Amino acid sequence: MKRKIQLSFIIIFLSLLFIPILTLDNKSFVSKEENRFLAPKPLHVTEGRINPQYFEECSSYLDDRFGKRKQLLSLNDFANRILGKTLVNEKAMQGKDGWFFYIKKTDGDNLGDFMKKNLMSKDELDKFKERISDAAKWCDDNGIKFIFLICPNKHSVYEEFYPFERPSGPTRADQFSELFGELGIPFVYSRDYIISQKQNYDFPLYYETDTHWNPQGAYLSFTQLRDIIASLFPDKSFPKVEYSVAVDYSMTSGDILPMLRVKKAKSTQVSLKPTGCQRTDLYTYIKNDGKNGVHTEGADKSLPRALIYRDSFFGALEPFVSPLFSESEYIWKRFSEEDKEHVLEYKPDLIIFQAVERLSPYIVH
């Protein structure tokens with residue numbers, strides 16, 4: 001009898017180990033619950049060379065696709081709630097007072113940044129400096145003004161809501177700020193300014209359940225960006241638009257909660273509307289295809305033309321930036337060699353190179 005019990009236990013244990021592998025999902029492309037693309041099957045060889053990230057990509061592939069994933073993860077979440085544990089997985093983490101944070105290691109490693117374990121070596125900084133200098137020189141050679149813009153990580157502004165304390169000392173973004181200062185290149189990183197201003201608001205400047213800043217947080221960064229743009233074009237008269245602020249609260253998921261398989265949580269919703277006019281009085285859309293391209297036309301045709309290489313953080317900036325230019329094109333990608341032909345065809349007066357802090361090493365390729 002004892003042997004039968006032991007054998008049954010072994011069979012159950014092995015089944016728990018192998019069923020997720022034997023029922024691997026290799027057909028799906030999207031997780032509807034988490035609102036994201038699933039990791040693709042890794043390639044042994046890329047661009048004619050052995051893929052150096054192969055084993056890391058295998059791990060992501062298996063994490064996303066093991067059989068009965070949804071049921072097993074839900075069971076794990078249920079157990080954690082019963083035990084009163086903080087919700088956390090490889091992608092996201094529950095913070096204090098209803099705040100949630102994105103921590104995926106292979107997408108900028110916000111957790112490593114919070115712990116200041118991602119500081120750049122001298123060689124890495126030298127390579128970054130070379131890429132920035134090359135892009136700046138190319139713009140200069142072609143008579144194009146430029147600004148580099150890094151949008152602060154959520155945890156850089158609201159570290160007090162992390163579940164543990166942040167170590168002292170400089171961050172990777174501090175290293176970049178110092179480098180831009182040495183180069184004398186127009187640069188905006190508004191972390192310290194936003195932190196200095198957040199006490200003036202009785203609502204947060206980033207979404208509690210989302211990675212991004214809200215319109216008021218974006219507007220604070222915009223004011224610094226606007227001042228630099230004005231200094232680059234001293235002969236131009238840029239509009240200064242006043243905005244009214246409306247605040248509401250709702251139960252939403254944001255882009256983080258689906259990663260933790262939480263349906264909804266309280267989130268502060270902030271909107272800014274121009275006073276004394278409509279947005280359409282300030283600018284209109286030539287096209288608005290989201291990630292596939294946004295193109296706007298400002299009301300004042302005497303203002304400069306702008307080309308913006310951006311990511312999702314610039315979405316909240318676009319309504320404030322667009323009135324500053326006669327025409328603006330927003331391209332959701334990093335600037336690289338292949339983009340130079342389009343730049344010369346478009347003939348912008350200004351290029352803005354933007355990246356969120358966690359991906360700032362790749363602001364240009």
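Which loop holds K116? The legends below take this up along with other close-ups.

This is a predicted model, in which local features need pLDDT of at least 70 and side-chain atom pairs count only at pLDDT 80 or more, while totals for chains, interfaces and linings use all residues. Residues are numbered from 1 along each chain as its sequence is written, and side-chain values use heavy atoms, with hydrogens and water left out.

**View 1. K116 and its positive phi.** K116 lies in the loop between α4 (110–114) and α5 (122–141). Helices (H or I, at least four residues) and strands (E, at least two) are DSSP runs, numbered from the N terminus. Most residues other than glycine have a negative phi. K116 is not a glycine, yet its phi is positive, about 60°. K116 is buried, with a relative accessible area of 16%. Buried means under 20% relative accessible area, exposed over 50%, and partly exposed in between (1.4 Å probe, protein chains only).

**View 2. D97 and its positive phi.** D97 is not a glycine either, and its phi is near 55°, a positive value. D97 is found in the loop between β5 (92–94) and β6 (100–102). Is D97 buried or exposed? D97 is exposed, at 66% relative accessible area.

**View 3. Aromatic rings.** The whole structure holds 29 aromatic pairs. The rings of F233 and F238 have centres 6.4 Å apart and planes at 65°, so this pair is edge-to-face. Rings of Phe, Tyr and Trp (its six-membered ring) pair if their centres lie within 6.5 Å; planes under 30 degrees apart count as stacked, over 60 as edge-to-face and the rest as tilted. Both F233 and F238 are buried. One aromatic cluster is formed by W99, F101, F114, Y158, F161, Y162, F164, Y206, W213 and F313.

**View 4. A charge over F101.** Which residue puts its charged end over the ring of F101? The charged end of K154 does, 5.1 Å from the ring centre. A charge sits over a ring if NZ of Lys or CZ of Arg is within 6 Å of the ring centre and within 35 degrees of the ring normal. F101 is also a member of the aromatic cluster.

**View 5. R305 with two partners.** R305 lies over the face of Y346, at 4.1 Å from the ring centre. The side chain of R305 also meets that of E327 in a salt bridge (3.1 Å, N to O). This pair links distant parts of the chain, with E327 in strand β14 (residues 327–331) and R305 in strand β13 (residues 305–309), 22 residues apart. E327 is buried, at 17% relative accessible area. R305 is partly exposed, at 24%.

View 6. Side chains of opposite charge can pair when their charged atoms come close. A salt bridge is a side-chain nitrogen of Lys or Arg within 4 Å of a carboxyl oxygen of Asp or Glu. The count comes to 16 salt bridges. In one of them, K198 meets E160 (2.9 Å, N to O). K198 lies in the loop between α8 (191–197) and α9 (215–232), and E160 in the loop between α6 (154–157) and α7 (172–183), so the pair ties together parts that are 38 residues apart in sequence. K198 is buried, at 18% relative accessible area, whereas E160 is partly exposed, at 38%. D109 bridges to K105, with the closest N and O atoms 3.5 Å apart. D109 counts as buried, at 18% relative accessibility. K105 counts as exposed, at 62%. D174, R191 and D192 are linked in a network of salt bridges.
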